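Dear colleague,

I am handing over the structure below, together with some notes on what was found in it. Please read them with the model open beside you.

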Amino acid sequence: MCDERHRGVLIGCGFFAANHMHAWSEISSVTIVAVCDRDEAKARHFSEQFGCQAFTDTKVMLESMKPDFVDIATTVSSHHALVTLAAKHTKLVICQKPFAETLQDAAEMVRACEATGAKLVVHENFRWQKPFRHMRQLLDEGRIGPTQFLRLSFRHAFDIYARQPYLAGIADLALTDVGLHLFDLARSLMGDIERVTCETQTLNPRVAGQDAFQALLRFHSGAVGSIECSFYSRMEPDPFPQTLAQLEGTRGTIELLAGYELRITSIHGVTNENCEPSVPAWGQRPWHLVQESVRAFQTHVVAVLNGAAEAAPSGAHNLETLAVVIAATASSRTHQTQIVKRTLEQAA
Ligand SMILES: NC(=O)c1ccc[n+]([C@@H]2O[C@H](COP(=O)([O-])OP(=O)(O)OC[C@H]3O[C@@H](n4cnc5c(N)ncnc54)[C@H](O)[C@@H]3O)[C@@H](O)[C@H]2O)c1
């Protein structure tokens, strides 16, 4: 294990990548030496703002910069080509979610990194949000005993289409945009998912596909989970981008309520803690929950680069989360429960 400076490059200078760049700039052991976007104006804008080189061709950038890591912040259709290319030029590849369009693509991306020895980390930042980092720690301390039930609820009417207009055209929007974050979060708290049953809805007339789902999970441990998501649920105040949660163990319950209040019921009684993250100097409400989680995720990536941690989640782990999304989508169409292992086997 060693602590050293790491030279990184970023691909995709769009809406969310600004959070990546600001958060990297706060990590002293990392320097982003170059950015790339096929839209030259976007690459140039980032290079001027963050003081690095700009490229429009990823291969040219990777060959000339020889980075220690590559941060891919493009949309999903480019991930397969970019991850397989980056694997040949670096020690660690970070891929934004959704990891891949298909399980076959995801498996090839994992194999491409295994073949070159590059580590592969998927940017699943929900599990890195401050309230859920704390919840994981409470579980590890045994505060509520072995888990038996999880409810996650991500429901809001925040206008996500204003900054990400492409979302309105995605067929399985809620499952592929936030569902996979919620399934990854559920796995990080409860372990792997054995089967899933799912119903979807299209609520917002502006949206082409489904923008709400309700999934029932059975975990390998025997615990059950209920995951709900809607992008068209009007409430005041709107909780976006908070995920509310109830996690029950054999000896107590952890509730994450609106306003970042964490209520812990255990044999020691009831305690309340506030888990609201601070607003980064470059951030703003209500995005600070997400922005702080990007920095926490990237701090974890540095630990992986230093050999001090295993990727969480790795590409191989996220492949199975993608299988849960695909199984949930199949369940919503067939109205039948899907076994996640079978979905994985069908793709092999
Ligand atoms: N983890 C999170 O919380 C979170 C939040 C928002 C978005 N995202 C994800 O981030 C990704 C990007 O989303 P966005 O809203 O920033 O998209 P965006 O369209 O604003 O930005 C993507 C950028 O990538 C560039 N690009 C695409 N293919 C490229 C290629 N092959 N080479 C170079 N540049 C290329 C585009 O020109 C564009 O500038 C998506 O996968 C999205 O799901 C994650």
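This is a predicted model: local features need pLDDT of at least 70, side-chain atom pairs count only at pLDDT 80 or more; totals for chains, interfaces and linings use all residues.

Strands (E, at least two residues) and helices (H or I, at least four) are DSSP runs, numbered from the N terminus, and two strands pair if DSSP finds at least two bridges between them. E14 runs antiparallel to strand E13 (residues 261–266), to which it is joined by 6 bridges.

The helix pairs. Axes are lines fitted to C-alpha atoms, for helices over the stretch in contact, with angles from 0 to 180 degrees between N-to-C directions. Helix H9 (residues 315–334) packs with helix H10 (residues 340–347) at an angle of about 105 degrees, their axes being 9 Å apart, and H9 and H10 are therefore roughly perpendicular (65 to 115 degrees) to each other. In this contact (heavy atoms within 4.5 Å), Leu319, Glu320, Ala323, Val324, Ile326 and Ala327 of H9 meet Val340, Thr343 and Leu344 of H10.

For helix H4 (residues 79–86) and helix H5 (residues 103–116), the axes come within 8 Å and cross at roughly 10 degrees, which makes H4 roughly parallel (under 35 degrees) to H5. His79, His80, Val83 and Thr84 of H4 make the contact with Asp105, Glu108, Met109, Ala112 and Cys113 of H5.

The cavity. A search of the whole structure finds 1 cavity of 30 Å³ or more, where a cavity is a set of points on a 1 Å grid over the protein atoms alone at which a 1.4 Å probe fits but cannot get out. The largest cavity holds about 40 Å³ of space, a volume being the space filled by probe spheres set on the points. Its lining (residues with an atom within 4 Å of a point) consists of Gln129, Pro131, Phe132, Gln242, Thr243, Leu256, Tyr260 and Leu289.

With best wishes

How values were computed: Residues are numbered from 1 along each chain as its sequence is written. Side-chain values use heavy atoms; hydrogens and water are left out. On a 1 Å grid over the protein atoms alone, a cavity is a set of points where a 1.4 Å probe fits but cannot get out, and a pocket is an open set with protein on both sides within 12 Å along at least five of seven lines; lining residues have an atom within 4 Å of a point. Angles under 35 degrees count as roughly parallel, over 145 as roughly antiparallel, 65 to 115 as roughly perpendicular and the rest as oblique.
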